[in-house]
Amino acid sequence: MTQVSYPIAASGDVAGRLVKGAWFDSHLGPPPSWPGALRQLAEVVLNAAFPMFLVWGPARALIYNDAYRAILGDKHPSALGRSFWEVWPEVRAQIEPVIEKAFSGEASFFEDLQVTLHRGGRAEPAWFTFSYSPIPADGVIPGVLCVCVETTMGARERATRQESEETLLFLDRLTRSVTGLGGADAVMAATTRLLGEHMGVAICAYADMDEDQDGFTIRGDWSAPGSPSIVGRYSLADFGRMAVDNLSRGEPLVINDNRIEIAPHEAATFQAIGIGSTICMPLVREGKLRALMAVHHVGPHVWTDRELALVREVTERSWAVVERVGAEAELRRSEAELRRITDAAPLLISYVDADQRYCFVNRAYEAWFGQSRDAILGQTVLEVLGPSAYDDFQTRLERALAGERVSFESRMAYPDGRARDVQVDYVPRREASGEVLGVYAIVTDITTRLAAERALLESETRLRLATENAEVGLWDVEGGEGALYWDDRVRAMFGVPAGSPVSMRDFYEGLHPDDREATTRAYAAASDPNQRALYDVEYRTIGASDGVERWVAAKGRGLFDAAGRCVRVTGTAIDISTRKHAEEARDLLMREVDHRARNSLAVIQSVVKLTDASDPKAFKQALHGRIESMARAQSTLAENRWRAGLIGEVVRNELLSSVASASRLRLSGDSILIAADKVQPVSMILHELATNATKYGALSAPNGVVDIRWFAMPAGWSLSWQERGGPPVVAPQHKGFGSRLMHSLARQLNGTIVFDWAHPGLTMELRVDERSSSAASNPHPALSPIS
């Protein structure tokens with residue numbers, strides 16, 4: 001079957017699979033059938049360089065981008081289009097409430113959240129920083145957008161660094177605590193207490209073995225509150241075959257859960273003294289088991305390699321002090337154990353003395369600087385780092401040697417020249433008197449984490465630029481009625497100077513009085529835990545500093561904690577004043593057009609009714625000319641957006657369009673502005689005069705001309721019409737419709753019209769008084785009574 005391609009405005013592996021349409025049996029169907037909101041969001045996600053995915057529809061279908069493939073691992077590409085819970089069933093109990101909250105309109109943000117994922121054929125812990133945001137469309141929320149970054153490496157780095165620091169500091173504190181104590185019991189009492197408290201166990205004890213290698217005596221122990229003391233005599237055989245074999249060979253006995261790992265009668269011995277899990281570390285000297293040191297939990301516990309190494313280290317250190325024998329050998333063994341601990345850490349760990357000479361480095365240090373441990377030990381920090389790098393660290397190292405704990409980030413170079421970002425922690429080591437003996441240096445490679453942070457910053461920058469280009473303002477209120485944040489765009493909407501402090505009082509006082517109640521009610525509904533309404537309002541503001549009235553469209557939502565308290569209300573605002581003014585102008589224009597249309601129809605009705613219809617041809621011609629005159633007047637008004645017009649424009653538009661011999665017209669006059677409701681009457685008067693001149697007056701003769709002039713007067717304006725060169729004129733015996741129409745139109749203009757039929761031709765003068773607007777209420781008051 002031939003595959004059909006569907007264009008998606010994106011590139012990459014995931015986009016390519018969408019285009020090829022090889023998964024139309026999924027919950028989403030082919031891209032052309034997708035809603036517009038889904039297609040648009042899918043293109044945004046697919047084009048993003050940051051890991052993102054969409055959860056869409058009731059099936060919770062999954063769409064993700066190429067950056068998210070690394071998180072999916074071998075679940076890609078089969079995850080594309082499938083239900084989120086089919087892809088990640090292992091996190092459903094933990095994440096489903098978060099996603100469902102987003103589908104109900106509540107956004108969520110988590111930082112360094114630990115989850116357990118099945119990737120690469122095994123379950124593994126992972127950490128993520130992510131946000132789930134609802135995607136509203138057409139009044140509903142069909143989907144949820146997740147922006148995420150995996151922080152597993154950073155979380156493990158921090159845990160490893162912290163554990164390493166704590167181990168080093170504990171061992172140092174332990175050594176200083178037991179140094180100088182008089183007697184083995186005092187040393188072991190201090191050791192068991194410190195180790196038990198540090199590891200958080202129920203019991204920490206030490207014992208001496210009998211010569212028969214079976215009997216042993218627990219001479220001292222430390223017990224957490226609620227746990228019993230286990231001091232007394234015991235038989236090693238009672239604790240089982242594993243205990244005998246391991247401890248006799250000098251190997252530790254490690255039991256995570258004695259109920260399932262050893263025989264029931266052996267487990268009963270442990271259970272009888274309140275032990276569910278244990279590490280028992282043997283002390284073998286000259287091939288014989290001499291002593292034991294152990295830590296116990298009441299219930300099951302999975303012991304880690306670090307815990308095992310720590311118990312081994314403490315056992316070695318403490319018994320070295322107790323036996324007071326082979327001090328140098330025991331010291332080397334302790335250093336070896338410390339080295340194994342530090343070598344297992346993915347960190348650079350070193351110790352320098354007060355002279356800044358290296359006394360200890362771990363294997364990672366050797367790899368970083370490309371030198372063996374023996375080559376580094378004894379050298380100064382300056383000699384190992386080199387002058388350039390040492391200048392960056394010198395001041396901070398000197399502060400640490402003065403007793404200050406110092407943490408900072410910097411860049412270091414590998415021997416091959418590659419630069420890496422690092423976090424450095426200097427931890428001073430003190431003796432009992434408080435004197436600083438040296439400094440532990442713990443260096444963590446944070447290049448990957450910083451790269452992720454830079455990517456996040458770039459994403460945030462793109463979001464900021466997008467809101468700036470869209471001229472969208474941002475606002476945020478803590479706790480619903482707490483501290484108010486406005487960016488400078490929102491400040492401008494309320495007439496507040498940029499950068500000025502604002503409060504909720506500025507918001508309420510800045511609202512137009514007529515809009516304050518509705519806006520306040522809408523905001524209260526958004527911050528009410530019982531309503532949690534979408535805040536979507538349009539309101540007017542009165543500028544605090546400039547008094548300018550503006551229109552604002554605002555949208556936002558309340559964010560609520562698990563207890564239902566409103567944590568914050570946040571949203572956007574846009575200045576829509578230009579749009580509102582355009583709408584008002586449009587409405588005004590529509591009302592004006594409607595008004596003019598009704599008036600024009602009234603005039604046409606009167607013209608039709610009053611025009612002499614005895615001669616159909618003449619009736620048709622007269623009616624056609626008069627309606628065309630009205631149409632030209634309407635065109636003049638439309639060109640001026642139904643506002644006032646110039647008399648000169650009206651004269652030219654009417655006469656130059658209706659008179660064939662326009663070259664015989666002489667036009668001149670002042671620049672006089674007349675109201676819109678006077679344009680049509682003036683145009684019709686000119687039409688009647690031009691029609692009469694063409695039929696009977698100056699324009700009917702080859703050499704006839706007409707002078708039309710208009711002048712401004714103190715109380716208004718006048719318009720004169722003078723014909724010359726036409727046939728002899730004679731005053732009419734009676735008034736025809738045209739004459740009556742012109743008199744009626746003059747009254748409509750609040751003016752008078754005078755005709756003079758003396759030689760050499762007809763003269764007309766129209767005088768209009770602008771001091772009164774009594775005709776405004778009825779644009780055609782004189783037409784209706786004419787019969």
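Student: How many residues does helix α24 have, and how far does it reach from its first C-alpha to its last?

Tutor: This is a predicted model. In it, helix α24 covers residues 676-695, which is 20 residues. The helix reaches 30 Å from its first C-alpha to its last, close to the 28 Å expected at 1.5 Å a residue.

Student: Is α24 mostly covered or mostly uncovered?

Tutor: Mostly covered: 15 of the 20 residues in α24 are buried.

Student: What about the protein as a whole; what percentage of its residues count as buried?

Tutor: Of its 787 residues, 46% count as buried. The protein exposes about 38,600 Å², and carbon and sulfur atoms supply 53% of that area. Its secondary structure comprises 25 helices and 28 strands.

Student: Now the cores. Which residues touch the most other members in the largest nonpolar core?

Tutor: That core has 38 residues, and those touching the most other members are Phe170, Leu195, Met199, Val295, Val314 and Trp319. Among the elements that give two or more residues to this core are helices α6 (152-178), α7 (184-199) and α11 (305-323), together with strands β10 (277-285) and β11 (288-297).

Student: Which residues does Met199 touch, leaving out those up to four places away in sequence?

Tutor: Met199 touches Val295, Trp303, Glu307, Leu310 and Val311.

Student: Changing topic: how many aromatic pairs does a search of the whole structure find?

Tutor: The search finds 25 aromatic pairs. One of them joins Trp475 and Tyr535 in an edge-to-face arrangement, 5.7 Å centre to centre with 85° between the planes. This pair links distant parts of the chain, with Trp475 in strand β17 (residues 473-478) and Tyr535 in strand β19 (residues 535-542), 60 residues apart.

Student: Are Trp475 and Tyr535 buried or exposed?

Tutor: Both Trp475 and Tyr535 are buried.

Student: Which residues form an aromatic cluster?

Tutor: One cluster is formed by Phe53, Tyr64, Tyr68, Phe84, Trp85, Phe110, Phe130 and Tyr132.

Student: And the charged groups: over which rings do the charged ends of Arg60 and Lys580 sit?

Tutor: The charged end of Arg60 sits over the ring of Phe103, 3.6 Å from its centre. For Lys580, the ring is that of Trp551, with the charged end 4.5 Å from the ring centre.

Student: Finally, what share of the contacts with a separation of 6 or more comes from residues 24 or more positions apart?

Tutor: Such residues account for 53% of those contacts.

Key
Residues numbered from 1 in each chain as written. Predicted model: local features only at pLDDT ≥ 70, side-chain atom pairs only at ≥ 80, totals over all residues. Heavy atoms only, no water. Phe/Tyr/Trp six-rings, centres within 6.5 Å; stacked < 30°, edge-to-face > 60°. Helix = DSSP H or I, 4+ residues; strand = E, 2+ residues; numbered from the N terminus. Buried < 20%, exposed > 50% of the residue type's maximum accessible area, 1.4 Å probe, protein only. Lys NZ or Arg CZ within 6 Å of the ring centre and 35° of its normal. Core = buried A, V, L, I, M, F, W, Y, C linked by side-chain atoms within 4.5 Å. Contact = heavy atoms within 4.5 Å. Expected span 1.5 Å × (residues − 1). Areas by Shrake-Rupley, 256 points an atom, 1.4 Å probe, with all protein chains shown as cover.
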